Amino acid sequence: MGEPVRVSEGATRIDGRKIAAEVRAEVALGVRALRDKGVHASLVVVLVGEDPASRVYVRNKDKAATEAGFLVRTVRLSAETTQAELEDVVRGLNTDPEVHGVLVQLPLPKGLDAGRIVDLLDPRKDVDGLTPANVAALVMGREGLVPCTPAGCIELLDRHGVELEGCRFVIVGRSMLVGKPLAQLALARHATVTICHSRTRDLPARCREADVLVAAVGRAKLVQGDWIRPGAVVLDVGINRGEDGKLVGDVDFEAAAKVASAITPVPGGVGPMTIAMLLENTLLAASRSAGSGR
Ligand code: NAD
């Protein structure tokens with residue numbers, strides 16, 4: 001890790017783009033090493049319909065995975081695809097030995113049942129870490145694949161040298177994608193975890209208890225500067241469009257940076273880590289399938 005950049009107010013800005021680039025470079029080395037053993041690690045992304053945001057996400061994932069040396073294929077299906085047709089596609093990918101990672105881009109168009117698709121996906125190829133088997137593995141501390149955004153949060157903290165053991169780790173948001181799996185990861189690292197949500201009483205007070213505070217809500221600038229304990233580390237997962245059209249997080253960055261010891265910006269913080277961890281998961285899936293572990 002290079003020298004962290006200090007922002008004028010005092011907090012260190014945790015540079016997610018730089019750390020993600022490091023992870024991606026390491027993954028690229030792993031992909032090359034696997035190729036030397038005769039296995040070309042591969043990722044298939046399934047995109048159903050024309051949702052503009054999903055198309056951008058899929059394009060970015062395709063580009064990043066291709067740059068890291070993976071064999072990447074995007075299966076594009078029309079918004080009229082039936083549940084049975086989509087399930088057939090997933091079954092085909094499950095049984096294709098050349099395919100190591102499968103990602104079905106969510107949300108699916110109306111009428112398609114994402115839960116059934118997730119249930120059907122082979123957990124060994126589930127690089128988003130969303131299948132019931134992978135959720136159970138995470139809770140039980142067994143080998144599996146972990147959702148990318150929470151994995152990226154832990155990676156950022158680790159590479160920033162934040163000690164998690166015994167720390168008070170407060171997460172705002174309890175989604176299956178971010179809050180809940182992050183709580184499990186932090187627990188596994190011996191943090192004392194509090195999960196807050198929309199019905200939490202006195203949210204500012206709970207946040208003020210945090211040594212590490214993670215905001216994953218989806219409400220611009222919900223977390224105020226005076227919610228932060230002096231010296232805390234703040235990770236902002238939120239991605240919101242401000243009134244001026246610019247991206248803003250769930251934390252009031254300017255105010256928080258005056259109090260925190262380190263903070264992630266939006267954009268350029270947690271966001272880039274999500275794709276980096278997707279690549280890491282795909283390499284892991286390919287390595288396990290090739291029997292070489294990691
Ligand atoms: P979600 O809508 O599934 O969950 C939001 C959570 O916030 C819920 O658990 C809810 O209880 C809680 N919440 C809502 N209002 C609240 C309030 N007023 N006070 C406290 N808690 C409240 O969202 P999600 O999928 O977990 O995503 C959260 C945010 O993170 C969104 O902005 C999303 O765009 C962003 N996100 C970013 C990345 C990334 O790569 N950086 C990845 C996933 C999600």
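## A walk through the predicted model

His190 is exposed, with a relative accessibility of 53%.

Lys221 is placed in the loop between strand S8 (212–215) and strand S9 (233–236). His190, at 53%, is classed as exposed because its value is over 50%.

The peptide bond between Leu106 and Pro107 is cis, with omega about 0°. Pro107 is part of the loop between strand S5 (101–104) and helix H4 (114–120). A cis peptide bond also leads from Val266 to Pro267, again with omega near 0°. Pro267 lies in the loop that separates strand S12 (262–263) from helix H10 (270–289).

On the level of the whole chain, the protein is divided into domain 1, residues 39–123, and domain 2, residues 148–272. Between the C-alpha centres of the two domains there is a distance of 29 Å.

The next stop is the ligand. How many residues surround the ligand? The shell consists of 20 residues, and the closest are Arg174, Ser175, Gly218, Ile239 and Thr274. By class, the shell divides into 8 nonpolar, 10 polar and 2 charged residues.

A polar backbone atom of Ile239 is 3.0 Å from a ligand oxygen atom. At Ser198, a backbone N or O atom is 3.3 Å from a nitrogen atom of the ligand. The ligand on its own has 850 Å² of accessible area, and the protein covers 72% of this.

Cysteines are another matter to check. A disulfide is a covalent bond between the sulfur atoms of two cysteines. The structure holds 0 disulfides. Cys196 is in none, and the nearest cysteine sulfur to it, that of Cys207, is 5.5 Å away. Seen from Cys207, which is likewise in no disulfide, the nearest cysteine sulfur is that of Cys196, at 5.5 Å. Cys196 is buried, with a relative accessible area of 0%. Cys207 is buried too, with a relative accessible area of 1%.

The last stop is Thr74, which is located in strand S4 (residues 71–77). Is Thr74 buried or exposed? Its relative accessibility is 19%, and Thr74 counts as buried because this class takes in values under 20%. The side chain of Thr74 makes a polar contact with the side chain of Asp62, at 3.1 Å.

Definitions and conventions. Residues numbered from 1 in each chain as written. Predicted model: local features only at pLDDT ≥ 70, side-chain atom pairs only at ≥ 80, totals over all residues. Heavy atoms only, no water. Near = heavy atom within 4 Å. Polar contact = N/O pair within 3.5 Å; in protein donor to acceptor, adjacent residues only side chain to side chain. Areas by Shrake-Rupley, 256 points an atom, 1.4 Å probe, with all protein chains shown as cover. Nonpolar A, V, L, I, M, F, W, Y, C, P; charged D, E, K, R; others polar. Domains from an automatic or database assignment. Helix = DSSP H or I, 4+ residues; strand = E, 2+ residues; numbered from the N terminus. Buried < 20%, exposed > 50% of the residue type's maximum accessible area, 1.4 Å probe, protein only. Disulfide = S-S within 2.5 Å.
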